[in-house]
Amino acid sequence: MRRRTDDDGGVSRRSYLAGSAAAVSLPLSGCLGSIGGNGTDDGDDGSTGDAPDRLVVRNGTVVSVDPDIGVLERADVYVENGEIVEVAEGIDPDDAAVIDASGAVVAPGFVNTHLHTWQAGVRGIAGDWTFTDYLEIMLGEVSSHYRPEDAYLGNLFGAAEQLNAGTTTVLDWFHIANSPDHSDRAIDGLEDAGIRAVFTHGPPGDDGAKWWEASTEPHPDDIERLHEERFPVADDRITLAMGIRGPDYATDEVVEEDITRAREMGIPASMHIGSLGGGGVYALEELGLLGDDLNYVHANRFEDEEFALVGDSGGSISTTPEVELQMGMGTPVLGKAAEAGATPSVGVDIVSNVSGDMFTQTRMAVGVQRGIDNQPVVDRGEQTTEVSIDPHRALEIATIEGARALGLEDRVGSITPGKRADLVVIDGGDVNTLPVNNPVETVAFQAGVGNVDTVIVDGEVAKRDGALTNDALAEERDAFEASAERVLSESGLAE
Ligand SMILES: [Zn+2]
């Protein structure tokens, strides 16, 4: 029943134009209110946004995603030292910085539960690749040419792209851990970007066959160093997880050893599974390894019983619909995941081929699921009488369910007093958002990246008036483009 990746796609190396790569351009300023008032401090290193001790996001329509708070019109969100203190009308604290959100919708930041952030540098080269192309070219070739500084730049700009699109938390699945320096610089990139992240330390990208084909190599020991030295505190803005190969890509012995080590460190583990074939969950069950600390990515070819096992054990599933549909992994499984009781969540996966924003990915996951749900009625020649996944549920999947999938639901995922202030302010006065007849639908189904006016992470302003606040992006832009050009050239993908 189990399938392993012994695929040999026989794909020939391709050649891509690299000379005309689009410049990284930051969005032009919007016209929503600006930050002001007293008590505004600069960020610690001066390179990222304002981090005022007290901050009020004023007079917006607050879509809290908290069932006890619901949607509040003309409400304020009061933040103190990065924590949401109060959500109500007419809050007027002394000496607070103010972001005027009049006419805007204030929502929790999106939670992207699966991203290989490093691939920002190879953006847009893989739009017609199959999954076997990807395994051979990206993980068999491109990944070996990344140096530590390329990992830094990829993660800095990849995380900035997420913030720009209203995503405040990302699981960064890092599978170019080619040396300790690669991992350290990748974490530096996330830190300098100012995003909340689960840095998911994976295998090196230096030998695709060794690490990804029925691998007998256990997870690199460097994760213990990272755990002790870089992540000694469990509730920092960036936390650690283990990116394991899992039963589709490694032997039972390796799977058991890896998950056991992750549990000894008290960190979650995330694995790609079920995109090449089914049966992997049975292997985990036979080994006695199922648990609520496991995150399953893709899961397209799971059998129904596998979904049940994941749901019963409290696992989470990351659906990355655009990648899965393109690359022939199978139909996205948002509905099956939820039905089985697994935590359903959405991710981007890779911007080497698909859209980096959670607006697109969430809508695609929801749209595919609605199509699946409607099809039996269509097949009977009847008319649909109800539509599955209401807009609020779609928004939950992009926010609080993602937080739950990453074990962060007590800290982020909704606008709730006591949680960290990860907020997105969406302009309701733009031509594609006006009028805001239903603020939940504005966020879930109408708005896009261009409407993201302000983004706040941990109380720190990462984007305001439609522009990212991080000076590092302008400083590093040339280096980022040069890095991408070199990696593609050495990979044989540039002319
Ligand atoms: Zn992935």
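Predicted model: local features only at pLDDT ≥ 70, side-chain atom pairs only at ≥ 80, totals over all residues.
**Entry 1. Overall counts**

I recorded 15 helices and 18 strands for the protein. Helices (H or I, at least four residues) and strands (E, at least two) are DSSP runs, numbered from the N terminus. Buried residues account for 56% of the 495 residues. A residue is buried if 20 or more other C-beta atoms lie within 10 Å of its own, exposed if 12 or fewer, and partly exposed in between, with C-beta atoms placed from the backbone. I then turned to contacts, where two residues qualify if their C-beta atoms, placed from the backbone, lie within 7 Å. Among contacts between residues at least 6 apart in sequence, 79% join residues at least 24 apart.

**Entry 2. Strand β15**

I returned to β15, which covers residues 423–427. Because 5 of its 5 residues are buried, β15 is largely enclosed by the rest of the structure. Leu423, Val425 and Asp427 lie on one side and Val424 and Ile426 on the other, and both faces are covered. Strand β6 (residues 104–108) is joined to β15 by 5 bridges, and the two run antiparallel. Strand β16 (residues 452–457) is also antiparallel to β15, with 4 bridges between them. In β16, Val455 stands opposite Val424. For pairing, DSSP must find at least two bridges between two strands.

**Entry 3. Helix α14**

I checked burial in α14 (439–446). This helix is mostly covered, with 6 of its 8 residues buried. The buried residues are Pro439, Val440, Thr442, Val443, Ala444 and Gln446. What covers them includes β2, β3 (71–80), β6, α12 and β15.

**Entry 4. The open sheet**

I traced an open sheet of 8 strands with parallel pairing, in the order β7-β8-β9-β10-β11-β12-β13-β14. Strands β7 and β14 stand at the edges with a single partner strand each, so one side of each is left without a neighbour in the sheet. The twist from one strand to the next averages 25°. Within the sheet, 3 bridges join β10 (residues 238–244) to β11 (residues 269–273) in parallel. Met242 has Ala269 in β11 as its bridge partner. Helix α11 packs on the sheet, where it touches β7, β8 (167–174), β13 (316–319) and β14, and its direction makes about 130° with that of β14. Helix α12 lies across β7 and β14 and runs at about 80° to β14.

**Entry 5. Helices α11 and α12**

Two packed helices are described by the angle between their axes and the distance between the axes. I found that the axes of α11 and α12 come within 10 Å and cross at roughly 125°. That angle makes α11 oblique to α12. Axes are lines fitted to C-alpha atoms, for helices over the stretch in contact, and angles run from 0 to 180 degrees between N-to-C directions. Angles under 35 degrees count as roughly parallel, over 145 as roughly antiparallel, 65 to 115 as roughly perpendicular and the rest as oblique. The crossing is right-handed; that term applies if the near helix is turned clockwise from the far one by less than a right angle, and left-handed if anticlockwise. Met358, Thr362 and Val366 in α11 meet Ala394, Ile397 and Ala398 in α12. By class, this contact has 5 nonpolar, 1 polar and no charged residues. Ala, Val, Leu, Ile, Met, Phe, Trp, Tyr, Cys and Pro count as nonpolar, Asp, Glu, Lys and Arg as charged, and the others, Gly among them, as polar. In α12 (residues 391–398), I listed Ala394, Leu395, Glu396, Ile397 and Ala398 as buried.

**Entry 6. Helices α3 and α5**

I noted that the axes of α3 (residues 180–193) and α5 (residues 222–230) come within 11 Å and cross at roughly 40°. The two helices are therefore oblique to each other. Their crossing is right-handed. Pro180, Ser183 and Ile187 in α3 meet Asp222, Arg225, Leu226 and Arg230 in α5. The residues of this contact divide into 3 nonpolar, 1 polar and 3 charged.

**Entry 7. Glu285**

Glu285 lies in helix α7 (residues 280–286). I classed Glu285 as partly exposed because it has 16 C-beta neighbours inside 10 Å. Leaving aside residues up to four places away in sequence, Glu285 touches Leu290 and Leu309. Glu285 and Leu309 are 24 residues apart in sequence and 7.9 Å apart in space, C-alpha to C-alpha.

Methods:
Residues numbered from 1 in each chain as written.
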